[in-house]
Amino acid sequence: MTTATAVEMLDGAPWRRMVTLGDSVAEGIREPSPGFADLSWSERIETAMREIQPGFASMNLGKRDLTTAEVRATQLDAALDFRPDLAFVACGGNDMLRPHFDPVQVRADLTAIVSALREQGADVVTCGLLDLTQAELVPAKYAQSVSAATRALARLTEEVSRELGAIFVQFLDHPLTADPSLYSSDKLHFNTRGHAFSAALNIEALARHLAGTRR
């Protein structure tokens, strides 16, 4: 998706202050991919919004390796102090990949993050991760448990989002899930092609949200 297409899809979007919270997904860890600009998914959204809203401001608090509890403890206050009207929350992957994944605790921490941002008046966007096993990026002996944990995380994230009026973006079973060319050499993070794909799905979700608010 080009910037021009993104601008057209988000034309009239009211957001002026965007914050991104979370782990390496939020931070934008990536490797280059031929033909794609070296931009993270959030930077692509920010680029479009700057053309729509003069004076648009953004802040990315994302940091790799953080659990949802750590995102809540180290990023939420700063995010609220920024007074965003649009917030992206991308976390849970590090909880999911650990041996003692606790969906109940992740739900509680995610609920606290999203509810605080919503109570302050921000539109909040969350997402479900791609199932890496479908691209055969996970050793066979771990594939079943990783797939199950990925789906459990997506379900709870979608449920929290629905309960709190957040915008949920589903990546889980997208047709490109099985395409290994979206990923960096670590077989975990997106490359710049993957970030362009991620940005497109997020922009499409924002456009649907805008269309719903204008009815």
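I looked up Arg 83 first: exposed or buried? Arg 83 has 53% relative accessibility, so I put it down as exposed (over 50% relative accessible area; buried is under 20%, partly exposed in between, with a 1.4 Å probe and protein chains only). Arg 83 sits in the loop between helix H4 (68–81) and strand E3 (86–90); helices (H or I, at least four residues) and strands (E, at least two) are DSSP runs numbered from the N terminus. Its phi is near 55 degrees, a positive value in a non-glycine residue. I noted that most residues other than glycine have a negative phi.

A note on the source: this is a predicted model, where local features need pLDDT of at least 70 and side-chain atom pairs count only at pLDDT 80 or more, while totals for chains, interfaces and linings use all residues. Residues are numbered from 1 along each chain as its sequence is written, and side-chain values use heavy atoms, with hydrogens and water left out.

Next I checked Lys 187. It is not a glycine, yet its phi is positive, about 60 degrees. I found Lys 187 in the loop between strand E5 (167–170) and helix H8 (192–213). With a relative accessible area of 48%, Lys 187 is partly exposed.

Then I turned to Asp 123, which is in strand E4 (residues 123–128). What does Asp 123 touch, leaving aside neighbours within four places in sequence? I listed Trp 15, Asp 85, Leu 86, Ala 87, Arg 118 and His 209 (contact means heavy atoms within 4.5 Å).
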